[in-house]
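Trainee: Please take me slowly through the place where the two copies meet, and then through what each copy is built from. I'd like it as one connected story.

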Number of protein chains: 2
Amino acid sequence: MQSRRQFLGSAAAIGAVSAVGSAEATAALPTRADIIIIGAGLAGLTAARELVKKGKSVIVLEARDRVGGRTLAQATQSGEMLDVGGQWIGPGQDRVRALVDEFGLKTYQQPHTGTKLLKIDGRLRSYEGDIPALPLLAKLDLGHMFSQLNKMAETIPLDAPYSAKNAQAWDNITLESWKQEHMRTPKARALLDIVAQSVFGAEAGDLSFLFFLFYLRSAGTLEKLINIAGGAQETRIHGGTQQISDRLSAQLGDALRLNNPVRAIHHGGDGVKVIADSGEYNAQRVIVAVPPHLAGKISYNPLLPGLRTQLMQRLPMGSIIKCIMVYDKPFWREDGFSGEIASDEGPLCAVFDDSPEGSHEGSLIGFIAGDGARRWTEHTRDERRDAIVKQFVECYGDKASKPKEYIEKNWLEEEWSGGCYEAFMAPGVMTAYGKALRAPVGRVHWAGTETSDVWCGYMDGAVRSGERAAAEVAQLVA
Amino acid sequence: MQSRRQFLGSAAAIGAVSAVGSAEATAALPTRADIIIIGAGLAGLTAARELVKKGKSVIVLEARDRVGGRTLAQATQSGEMLDVGGQWIGPGQDRVRALVDEFGLKTYQQPHTGTKLLKIDGRLRSYEGDIPALPLLAKLDLGHMFSQLNKMAETIPLDAPYSAKNAQAWDNITLESWKQEHMRTPKARALLDIVAQSVFGAEAGDLSFLFFLFYLRSAGTLEKLINIAGGAQETRIHGGTQQISDRLSAQLGDALRLNNPVRAIHHGGDGVKVIADSGEYNAQRVIVAVPPHLAGKISYNPLLPGLRTQLMQRLPMGSIIKCIMVYDKPFWREDGFSGEIASDEGPLCAVFDDSPEGSHEGSLIGFIAGDGARRWTEHTRDERRDAIVKQFVECYGDKASKPKEYIEKNWLEEEWSGGCYEAFMAPGVMTAYGKALRAPVGRVHWAGTETSDVWCGYMDGAVRSGERAAAEVAQLVA
């Protein structure tokens with residue numbers, strides 16, 4: 001009880017107490033709490049906050065030297081904070097939106113007015129509005145694709161996608177197989193490839209069709225996943241999304257322990273013992289709020305059940321290198337361009353105007369994704385930069401040839417993510433292992449955006465998963 | 001140099017020196033060698049032996065309290081040693097055969113004469129010879145399947161399957177998709193499902209068609225994979241296959257350190273430092289000879305390249321529960337049965353006569369595999385036993401109802417394997433990541449049956465991978 005009051009006390013002191021950053025410094029701090037949370041991304045920090053609200057004590061162990069997980073702000077040379085991780089929020093993402101509002105973070109609309117560019121089949125096309133300038137047959141094919149995918153997705157129960165009527169048949173094939181069978185035009189097919197790359201960091205051939213439909217359903221519709229206005233790319237946050245985690249963690253005070261990779265969880269008795277690099281921590285329960293494959297790197301004693309053990313081998317992360325090119329000004333706007341580019345040639349498969357509202361600088365943000373990321377991760381930073389400049393020059397002319405700065409984040413080489421944006425499922429995984437995704441194992445509970453039924457894979461899903469895990473645990477902890 | 005002589009000295013002492021079994025006891029032993037090998041399965045032990053032969057010093061760090069990895073002998077109550085892991089060798093498996101011969105292990109033919117049983121579509125059929133008793137159309141379908149699969153497999157270059165002419169198209173689909181498109185009869189399809197289950201511990205819907213073809217090619221033909229006579233199930237070893245590892249490790253003396261899980265590898269400088277539970281070990285190079293997903297649990301400093309990091313997230317283990325029912329005698333032989341059963345109903349998808357040559361006992365060995373394993377791992381041992389007895393009674397009558405003993409190994413719940421028999425690839429993995437499978441990263445080298453081009457997934461592949469890794473390293477170590 002004393003430890004609980006102590007944590008609440010420091011949580012109340014807020015802000016001024018900075019997180020403890022070295023294993024040595026943590027030695028004098030409490031190592032016992034009601035609940036230990038592993039991972040200080042949005043899921044873990046939300047869970048921590050909810051539990052503290054309910055009067056529980058927590059310790060949050062984070063492997064990195066920072067909070068935020070797959071959200072991360074990086075400053076340009078002129079001091080603008082840009083997102084090299086999770087960037088946008090959109091309608092329906094109510095839980096992350098509530099945090100943004102509560103913390104008073106200022107938001108603005110993702111710029112999207114102007115001419116858009118599409119490079120497929122070796123040809124650069126420009127168009128206005130939402131529908132790419134394609135031949136009629138390709139447009140019809142695309143329209144058919146949207147309606148078919150949305151219709152199938154509607155049949156998927158979000159809380160148990162593996163129980164959908166056609167679950168087994170859909171889980172037996174890749175999205176690519178569906179595409180080959182049901183789409184007729186190469187151009188519409190190319191657009192679906194770009195969707196797979198830019199939404200999952202994967203290829204249509206990597207993804208279980210059932211998982212793809214679940215993911216679409218989890219967001220609402222395919223349009224919600226890919227659109228700016230009315231979709232998941234609608235709104236940005238001044239100063240970057242990592243601030244949400246900063247604010248959440250400020251409330252935790254010294255209950256947050258950075259630089260503390262967790263190596264083992266002993267959970268067989270009447271409590272849990274968590275072994276981190278700085279020592280042992282004890283609690284009644286533990287919430288593991290990291291990507292599933294990282295949860296799989298932890299040793300569990302006793303071992304987890306076979307289904308859970310093998311699930312964690314089967315949730316690879318997508319492949320994303322996020323790239324930002326900074327210019328003196330957003331020159332493309334002068335020429336009537338929105339900054340949006342979709343390309344089947346790359347290196348970037350999707351590009352957006354990244355200029356922060358009110359900034360004099362102009363920047364373009366794009367993704368090297370899926371097979372592109374697997375190819376380009378083998379090159380040097382400079383080679384990537386040069387290829388992207390070339391891509392922009394082809395789209396916007398010589399003005400694009402002189403960036404003042406290049407920023408990138410290769411998420412494949414981030415130890416404590418292993419990829420981005422999220423884990424995906426290959427064929428067969430959802431039907432055979434889906435039910436183990438968030439089922440607690442004794443005193444071990446699971447959070448993270450991959451465990452969310454709504455907005456799975458997004459910041460909003462992470463927040464929801466933290467809230468769900470906290471509610472799950474709170475009623476079990478005396 | 002001194003340490004090398006020391007190791008060679010103890011290697012020469014052989015046999016009488018038992019492996020050191022506790023972290024404490026290893027404290028006084030050398031912690032420096034030319035090469036550190038992680039994993040004392042067939043791959044690691046073979047690599048160790050080859051390197052010692054070439055005058056190099058080695059330390060082998062093994063997480064378990066035993067050698068042999070996915071080979072494991074277990075005694076029946078009457079003292080017969082039965083394999084609950086890798087069990088058979090066959091023609092073409094020359095490298096493992098060479099060890100068996102060198103160590104003078106006695107082999108015998110897997111019994112296979114007599115009537116075989118096949119349960120598909122709810123009906124139990126019996127047949128003689130190799131070709132199941134099916135209606136003509138199903139037999140034709142099956143014949144077509146064999147010839148088509150073997151023909152396609154022939155086009156795959158074993159050293160670079162991702163460069164096959166049709167690699168991308170084949171890697172975009174599951175084996176299930178191929179089956180649905182090219183096989184016409186439900187009965188022949190059911191047999192292909194049983195092949196996927198019994199060979200991979202996976203479902204046709206889990207497997208990349210390219211990976212499936214590569215695997216087939218790696219063995220030679222589909223017949224080689226599934227047959228007893230002339231195939232991978234032809235020959236057994238008196239006393240069990242784990243003896244090969246026992247003999248290999250006896251030559252290592254105290255260079256073998258059991259109970260030593262490796263947690264981290266520092267490989268950035270002019271040597272490697274390996275962090276195990278018993279302390280630090282130093283060497284010029286390291287060979288990681290464990291399944292890829294377990295290699296992914298080790299921390300690498302510096303981080304491995306993105307491609308290798310993500311590959312290790314993408315090689316899940318198959319799902320196998322190996323089950324042995326021991327009877328007073330092999331009563332099925334009296335009734336003319338071979339002991340072989342194939343079933344699409346289970347729990348066991350494939351069954352063989354397991355009675356050791358010369359034993360009075362009779363036993364049947366079978367596999368719960370793929371989705372079956374994922375269902376049955378959620379049940380108790382007794383429930384599995386009862387269901388298997390029921391399956392045997394249906395096949396062989398009441399004589400099967402009174403086993404004297406039930407032995408099983410649920411490989412899903414083996415911490416240091418995570419599944420069996422081997423890792424497989426879902427769609428998209430081979431083409432995007434295949435080239436990272438055995439490419440060394442600086443001073444870190446890779447072995448294990450999954451890295452073998454010949455007999456990938458088998459004991460023979462493990463031995464070959466150890467030989468290959470040893471040759472690779474030997475020329476780089478002064």
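Mentor: What you have is a predicted model, in which local features need pLDDT of at least 70 and side-chain atom pairs count only at pLDDT 80 or more, while totals for chains, interfaces and linings use all residues. Residues are numbered from 1 along each chain as its sequence is written, with chains lettered from A and ligands numbered from 1 in the order in which they are written.

The contact takes 38 residues from chain B and 38 residues from chain A (residues are in contact if their C-beta atoms, placed from the backbone, lie within 7 Å). On chain B's side, at least two residues each come from α6 (175-182), α12 (306-311), α14 (371-376) and α16 (429-433). Helices here are DSSP runs of H or I, at least four residues, and strands are E runs of at least two, numbered from the N terminus. The biggest giver on that side is α12(B), with 4 residues. By class, the side of chain B that touches chain A has 11 nonpolar, 15 polar and 12 charged residues (nonpolar means Ala, Val, Leu, Ile, Met, Phe, Trp, Tyr, Cys and Pro; charged means Asp, Glu, Lys and Arg; the others, Gly among them, are polar). Of the interface residues of chain B, 100% are also interface residues in chain A, so the copies meet through the same surface.

Next, step inside chain A. There you'll find an open, mixed sheet of 7 strands, in the order β7-β6-β16-β17-β18-β15-β19 (strands pair if DSSP finds at least two bridges between them). Its edges are β7 (123-127) and β19 (405-410) of chain A, each pairing on one side only. From one strand to the next, the twist averages 15°. Zoom in on β17 (350-353) and β18 (362-369) of chain A, an antiparallel pair with 4 bridges; A:A350 has A:F367 as its bridge partner in β18(A). Helix α15 (381-396) of chain A packs on this sheet, touching β6, β7, β15 (320-327), β16, β18 and β19 of chain A, and its direction makes about 60° with that of β15(A). Angles run from 0 to 180 degrees between N-to-C directions, and axes are lines fitted to C-alpha atoms, for helices over the stretch in contact. Helix α7 (186-200) of chain A lies across β6 (115-120), β16 (337-343), β17 and β18 of chain A, at about 100° to β18(A).

Chain A also has an open sheet of 5 strands with parallel pairing, ordered β9-β2-β1-β13-β20. The edge strands there are β9 (256-257) and β20 (444-446) of chain A, each with pairing on one side only. Strand β2 (58-61) of chain A runs parallel to β9(A), joined by 2 bridges, and A:L61 stands opposite A:R257 in β9(A).

Helix α2(A) lies across β1 (35-38), β2 and β13 (285-288) of chain A, at about 170° to β2(A). That helix, α2 (42-53) of chain A, has a helical neighbour too: its axis and that of α10 (242-250) of chain A come within 9 Å and cross at roughly 30°. So α2(A) and α10(A) are roughly parallel to each other (under 35 degrees counts as roughly parallel, over 145 as roughly antiparallel, 65 to 115 as roughly perpendicular and the rest as oblique). The crossing of α2(A) and α10(A) is left-handed, meaning the near helix is turned anticlockwise from the far one by less than a right angle, with clockwise being right-handed. On α2(A), the contact is made by A:L42, A:L45, A:T46 and A:R49, and on α10(A) by A:I244, A:S245, A:L248 and A:S249. Sorted by class, this contact of α2(A) with α10(A) has 4 nonpolar, 3 polar and 1 charged.

One last stop, in chain B: α4 (136-153) and α8 (209-219) pack at about 85°, with their axes 8 Å apart. That makes α4(B) roughly perpendicular to α8(B). Here B:L149, B:M152 and B:A153 of α4(B) meet B:L213, B:L216 and B:R217 of α8(B), a contact with 5 nonpolar, no polar and 1 charged residues.

Terms used. Two residues are in contact if their C-beta atoms, placed from the backbone, lie within 7 Å.
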